[in-house]
Amino acid sequence: MIEVQHVSKRYGRVTAVDDVSFRVEPGEILGFLGPNGAGKTTTMRILTGYMPASEGRATVAGYDVFTHPIEAKRRTGYLPETPPLYPDMTVREYLDFVARIKGVPSGERRTRVDTVMQRTHVDDMASRHCGKLSKGYRQRVGLAQAIIHNPDVLILDEPTAGLDPKQIIETRDLIRSLAGNHTIVLSTHILPEVAQTCQRVVIINKGRVVAVDTPDNLTARLRGAETLYVQVDAAGADPAAALAAVPGVTRVAPADQRPTPGAFEVESERGRDVRRELAHTIVTRGWGLLELRPMRMSLEEVFLQVTTEELPPETHALSEGEARVEGEAPRA
Amino acid sequence: MRNVAAIAQRELRSYFASPMAYIIIGFFMLPFGVFFFLYLRSFVSQSMQMAQFGGAMNLNQQVIRYVLQNASVIILFIMPMITMRTYSEEKRSGTIELLLTSPVSDAEIILGKFIGALGLYAAMLAVTLLYIGILFVWGRPEWKPLVAGYLGLLLMGGAFVSIGLLISSTTNNQIVAGVVTFVVFLMLWIIGWFADSAGPVIGPITSFLSITEHFDDFAKGIIDTKHVIYYLSLITLGLFLTSKSVDTERWRG
């Protein structure tokens, strides 16, 4: 439904987007993740035809956004970072105007406006001026504006920014309910949002795509191998060698999160549970086993890792099918 | 065309939803009324002298002509207020993203904005017909030169609007747009003053460039195709350059 091929955008000498490629399948929700200034908004602006790319090609619903902009735009709904509202129009007037320029036939306009106002819960503000709306309402009117012509593709730049928790849940539900009939690309830097709403994630940093996968695979993949956190009271001895000697253990390193004596990260072969052997080894030597737990990387850590450094080399070698799907509960 | 109408309507509505339209019309009507009063008073006192000594008086040539000529200068001061926000405000508030990502061509957006601004200007001119109506109640002016005069005002206003749009499209600060527009209009007006003293080569060029100079014939009630073409080409040039400016901004991002 959306295809981005080797798209770059340069402003003078500054490269905002550098050779970005990805695909979005029909009905899919794709999360666009990256720190501020990573090129999320620029990529979205290229997709919506707001600005042309310096290089590369982008197609929306089969139409090249540069050579057939009108056709592509007719099938795209776009919520920019700041909702594009006219302060001196009422919500109803505004949505009616948007419906007109988006090409909704005049006979259907009224019902379309009513429908989207109900779906986005702004119907109680229908005759309020857009300039007098609270941030949450502005955001939802922006969303109403994006879906008014029932587009195939929805591009949402931080759709939940500025909403209160209840509205965030409503908006996520709304976005999820739109998937299926619509293909959605949404950008955010709220990580739980991606885990909850998106089927696939593109992580972008400094204009480059650094990772594309499902949220679950990303957390699993980045972990590389199975990692355990072990804390041992070895009474003066160094347990590292003993732990490394346990069959199946590939690497033992001091836990760097909390530099506690006797705390180790123990990596094992994929799919092999070494907890029993580890505990046995420790206990038979008369040491105290203080803590033994699997380590999981939250999406936050994944995000920090891929945006601050290169992916560890072994993760590239893993195929996506091999990576174990793991339901990491995101921190809300 | 549907899109042009939608955008023009939105522009007009936003003028009248804010105090802007009323302030602009008020600012125009006040000096217009003063000029009307002054010229009419001197016409009345002259006509009383003429009644004693004999001689022809003409409302069109002695009142309407001068009132419209002065109006063309007031318009020069008022027009930046109409055009300054057209593009710059949309760029500042981000609503330009809505327009540029909608299935609407640049030409439709520009034309819509042009017609919207011209619509407010036309409404402003329509209100001045109240004054002219007074002349028709108490005297017998000819309507044909009057039509020529108002046609000239419309054409001249169109030229101002297209230049104003162009300037507004280059900045996201409407005050900057307003000031620059005002200075440009002022230059286009006073450049005509050099016409008499500038010699045989530069003189005709400066008087040709002066926007208000071309209006004089219309004020007299003459529709000269030369001036019509001058205004129409200025409008076309302004709108064309606006579309180029919008396109350039798009590439620059």
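In strand β9 of chain A, Ile203(A) is the bridge partner of Leu33(A). That pair belongs to β3(A) and β9(A), which run parallel and are joined by 4 bridges; two strands count as paired if DSSP finds at least two bridges between them. Strands here are DSSP runs of E with at least two residues, helices are runs of H or I with at least four, and both are numbered from the N terminus. This is a predicted model, in which local features need pLDDT of at least 70 and side-chain atom pairs count only at pLDDT 80 or more, while totals for chains, interfaces and linings use all residues. Residues are numbered from 1 along each chain as its sequence is written, with chains lettered from A and ligands numbered from 1 in the order in which they are written.

β3(A) also pairs with β8(A), again in the parallel sense, over 5 bridges, and here Phe32(A) sits opposite Ser187(A). Of the 5 residues of β3(A), 5 are buried, so the strand is largely enclosed by the rest of the structure. Buried means 20 or more other C-beta atoms within 10 Å of the residue's own, exposed means 12 or fewer, and partly exposed is in between, with C-beta atoms placed from the backbone. In a regular strand, side chains alternate between the two faces of the sheet. Both faces of β3(A) are covered, with Ile29(A), Gly31(A) and Leu33(A) buried on one side and Leu30(A) and Phe32(A) on the other.

Zooming out, β3(A) is part of an open, mixed sheet of 6 strands in the order β6-β7-β8-β3-β9-β10 of chain A. β6 (76–79) and β10 (208–213) of chain A stand at the edges with a single partner strand each, so one side of each has no neighbour in the sheet. On average, neighbouring strands are turned by 15° against each other, direction ignored. Contact means C-beta atoms, placed from the backbone, within 7 Å; axes are lines fitted to C-alpha atoms, for helices over the stretch in contact, and angles run from 0 to 180 degrees between N-to-C directions.

Now for the partner chain. The contact takes 22 residues from chain A and 20 residues from chain B. On the chain A side, α2 (69–74), β6 and α3 (91–101) each supply at least two residues, and α3(A) gives the largest share, 4 residues. The predictor gives the complex an ipTM of 0.89 and a pTM of 0.82.

Chain B has a mean pLDDT (the predictor's confidence in each residue, from 0 to 100) of 91, and 100% of its residues reach 70 or more. Tyr39(B) lies in helix α2 (residues 20–53) of chain B. This tyrosine, Tyr39(B), is partly exposed, with 18 other C-beta atoms within 10 Å. Leaving out residues up to four places away in sequence, Tyr39(B) touches Val63(B), Tyr66(B) and Val67(B).

Definitions and conventions:
Contact = placed C-beta atoms within 7 Å.
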